[in-house]
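Trainee: I've got the model open and I'd like to talk it through with you. Can we go one question at a time?

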2 protein chains.
Amino acid sequence: MRRIAAYTAALALGSCAAATRTAPPPEPDASARYTFWRPSPVLEAPDPNETVKNSAAVDWRDVDPDNLLIMELAGGGRVAIELATDFAPVHVANVRALARGNWWTPSSVYRVQENYVVQWGLNESDKPLPAGVVKAPPAEYDRALAGLDIRPLGFPDSYAPIVGHVNGWPVGYDPEAGRAWLTHCYGMVGVGRDLHPDTGTGGELYAVIGHAPRHLDRNIATIGRVLEGLDRLTAHPRGTEALGFIKDPKNHIAIARIRLASQMPAAERPSYQVMRTDTPTFSAFVTGRANRSGTFFRVPAGGVDVCNALVPTRRK
Amino acid sequence: MRRIAAYTAALALGSCAAATRTAPPPEPDASARYTFWRPSPVLEAPDPNETVKNSAAVDWRDVDPDNLLIMELAGGGRVAIELATDFAPVHVANVRALARGNWWTPSSVYRVQENYVVQWGLNESDKPLPAGVVKAPPAEYDRALAGLDIRPLGFPDSYAPIVGHVNGWPVGYDPEAGRAWLTHCYGMVGVGRDLHPDTGTGGELYAVIGHAPRHLDRNIATIGRVLEGLDRLTAHPRGTEALGFIKDPKNHIAIARIRLASQMPAAERPSYQVMRTDTPTFSAFVTGRANRSGTFFRVPAGGVDVCNALVPTRRK
């Protein structure tokens, strides 16, 4: 089985107020040696949960059934994943081919590592790959910035020159280098791989279950995001082997099958929506996440990191 | 029970290379509208796990048994927490008094919220408070910066003007305002509270189990950090009530008792160490976390956030 990051240790459900997110961020304070910026908290910012609740139909996009991967657990419960088609197209095509070939039926979750990832699937040594699967995909770890209409978050990031969102996905980007990549936030799904030049076939996948391991950004093919059900995997005893691998297969989480929603009978298909990220509603959501107010909070931060402003999703 | 944030929705085990962390960070790039900085990746940075493994005894400090809270679970297993005495002294004194009064014997973990917190303890309405507990502590949500010898992390933060470490604790701070506070990273422990002016007695505590909810910084009394055993609480079905509260007490995680290590017979006391954060070793660790290299990584980030460079701890 692949070790992914083997050398590392380690839903919310929207009319809304005017947004301030697209304004330029405050100028850096060059007078203080270590001060890169000074947060400018917004008092009485919109409550982000209310923003979601009061959103309009136009604030959401439907998840395409061809991009919706449904994992059914043998013990009951379902994990739904949206595939990100714009960032690692060969890996995503592989995942679709593996699903259509019923390759993961059955399989298991064999790694649960505290504050890091869960990992599931099969290795190509376990079972021949179905037709149409590219055995050695290119290193789709980032992509050209050109062609992406990214909305910047508006706050500094500890890893990337700029972070923001495009089409419902969290991204880091570098305008000088002209590259963009998906950020490893909670719930993001990537492709397990061995050492270079292996990039993984897509047969073994992982999802982030803890604090964002952003050091994986640009080091691994990131292909999607869990929309629902990740808590069914996190509520499982951690693997006791190195990196959280679960030694005894009896203790794996059995997966009955994995398929695309488009493979399911129309009447059985679950359907999901993701909040659009190019709208005033999403801007207000971000402003609200960055400036928590209401009766509980005493001090709004005036900033938020891209992985603490997860794009809202919902069952349709 | 208190709702804490009611309106919000690894341990590792060190001579090391020269450190670059205390050098000034790169100048902000004022030419690009949204670019606050440009990461300057360090190639072939020290492996952070090797840095910990090769550390010397002098790189570590012992955890005082009077600051070490031991939770024994009825079903087996133990959660160890270090109390942070410099940030919320009245709340910490309360926690010590509650432990010495065996107030939490027995009690339970009654909230497990995915990607957020676990919460445990008792409410003062459940049981009279022991002598010495301050019923309405002051709002110890931040403190004076003066008197803290903070080492800046050296990378930008999405919430605070500056982040860094002092005495093994992660902090945010504002030199202009002269205030400092503990940051809500994975494993940090805070005091559940109701709405202002309540600040919580310390009878109900929570620990962060997911992505750092940094919006809680400066909004709640933060009193410590889990050193070991948090995975025993995260591997539990999520509460199905709002905010992850577990409705049926039968499904709570039963706590047999909570006491300070100093209350235990000397022969039974567990002992822990925390890596010092004012050393070249820790600087090298941070540099390594910000610039992952070795055979797996292809691109070092050149930055890391304060909650993805958790201070190493170990059993002694």
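Predicted model: local features only at pLDDT ≥ 70, side-chain atom pairs only at ≥ 80, totals over all residues.

Trainee: What is the bridge partner of A:Tyr173 in β10(A)?

Mentor: Start with the strands: β9 of chain A covers residues 169-174, and β10 of chain A covers residues 179-182. The two pair in the antiparallel sense over four bridges. For A:Tyr173, the partner in β10(A) is A:Ala180.

Trainee: Now to A:Ala309: does it count as buried or exposed?

Mentor: A:Ala309 is in the loop between α4 (280-290) and β16 (313-315) of chain A. Buried means under 20% relative accessible area. A:Ala309 has 0% relative accessibility, so this residue counts as buried.

Trainee: Which residues does A:Ala309 touch, leaving out those up to four places away in sequence?

Mentor: Contact means heavy atoms within 4.5 Å. With that cut-off, A:Ala309 touches A:His165, A:Phe282, A:Phe285, A:Arg289 and A:Val304.

Trainee: And what share of the residues of chain A count as buried?

Mentor: Chain A has 316 residues, with four helices and 16 strands. The share that counts as buried is 62%.

Terms used. Residues numbered from 1 in each chain as written. Chains lettered and ligands numbered in written order. Heavy atoms only, no water. Pairing = 2+ DSSP bridges. Buried < 20%, exposed > 50% of the residue type's maximum accessible area, 1.4 Å probe, protein only.
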